[in-house]
Amino acid sequence: MNFIESLKNAWVKNNSLLCVGLDPDLKKIPAAIRGKDRAIFEFCTGIVDATADLVCAFKPQIAYFAAQQAEDQLKDLIQYIHSAYPQIPVILDAKRGDIGNTAEQYAVEAFERYQADAVTLSPYMGKDSVEPYLAYPEKGIVLLCRTSNAGGSDLQALEVSINCERMKLYEHVARMIASQWNANGQCMLVAGATYTEEFSSIRRIVGDMPLLVPG
């Protein structure tokens, strides 16, 4: 079963469109857990256990683990989710974006080292920066399109002309991914709920492609 199929099954099984982020900030972890050797793993598995029947996906943010030299706990967390709740896919929130051999190594990191079911990426270096991930057709590719942060407008809301048609850059990104990059049906887009008109525009462009909706 590929990522998109697994995601759709989780929607139905749990009657949920909720994706729970796992962003373990040590400063906010309860004091009773904070001092333990594997505090991050214990904290995150507690959240997983408490919400597994309410979600369609889990999304660990790699920076929170790497900053604490806790990559081993991230790997164990994803393995725990796969073992305890195999019906719930895991999206590795990494927002990678590079080309060539470096992109290939990032794909290995996400899909072979961590065994994530999907990974978040930036599309702004073009299709060749995404192709190493597309080489894993059973995996999901979640691409930034219209993000929820205020600064996203600096680039994403720029007006561009494509074949004499005027549109916003995020609209071009959505159209390009839906029509040219999604041959395996494995792509999703990040579309922030904070921009309702833009969200509606993206939905019209991509049809029923799944969206990851922060904000």
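Two strands pair if DSSP finds at least two bridges between them. Helices (H or I, at least four residues) and strands (E, at least two) are DSSP runs, numbered from the N terminus. This is a predicted model, in which local features need pLDDT of at least 70 and side-chain atom pairs count only at pLDDT 80 or more, while totals for chains, interfaces and linings use all residues. Residues are numbered from 1 along each chain as its sequence is written, and side-chain values use heavy atoms, with hydrogens and water left out.

**Strands**

Strand β6 (residues 159-162) pairs with strand β7 (residues 165-168) in the antiparallel sense, over four bridges. Within this pair, lysine 168 of β7 is opposite glutamate 159. Two residues lie between the strands of the hairpin, and asparagine 163 there takes a positive phi near 50 degrees.

The spans of two helices are set out below; the expected span is 1.5 Å times one less than the number of residues.

| Helix | Residues | Number of residues | Span between end C-alpha atoms | Expected span |
|---|---|---|---|---|
| α1 | 3-14 | twelve residues | 16 Å | 16 Å |

In α1, the buried residues (under 20% relative accessible area, with exposed meaning over 50% and partly exposed in between, for a 1.4 Å probe and protein chains only) are Phe3, Ile4, Ser6, Leu7, Ala10 and Asn14. Seen down the axis, these buried residues fall within an arc of 160 degrees, so they line one face of α1. The arc is that of the directions from the helix axis to the C-beta atoms. Val12 and Lys13 are exposed on the face turned away from the buried side of α1.

Contact means heavy atoms within 4.5 Å. The buried residues of α1 pack against β2 (57-60), β3 (91-96), β4 (118-121), β5 (140-146) and β8 (187-191). After α1 comes asparagine 15, with a positive phi near 50 degrees.

In α6, Ala103, Ala107, Glu109, Ala110 and Phe111 are buried. They cover an arc of only 160 degrees around the axis, which puts them on the same side of α6. The exposed residues Asn101 and Gln105 are carried on the face turned away from that buried side. The partners against which the buried residues of α6 pack are α4 (62-66), β3, β4, α7 (131-134) and β5. Glutamine 115, which follows α6, has a positive phi near 60 degrees.

**A loop residue**

Lysine 27 is in the loop between β1 (19-22) and α2 (31-34). Its relative accessibility is 69%, so lysine 27 counts as exposed. Lysine 27 and tyrosine 195 are 31 Å apart in space, C-alpha to C-alpha, and 168 residues apart in sequence.
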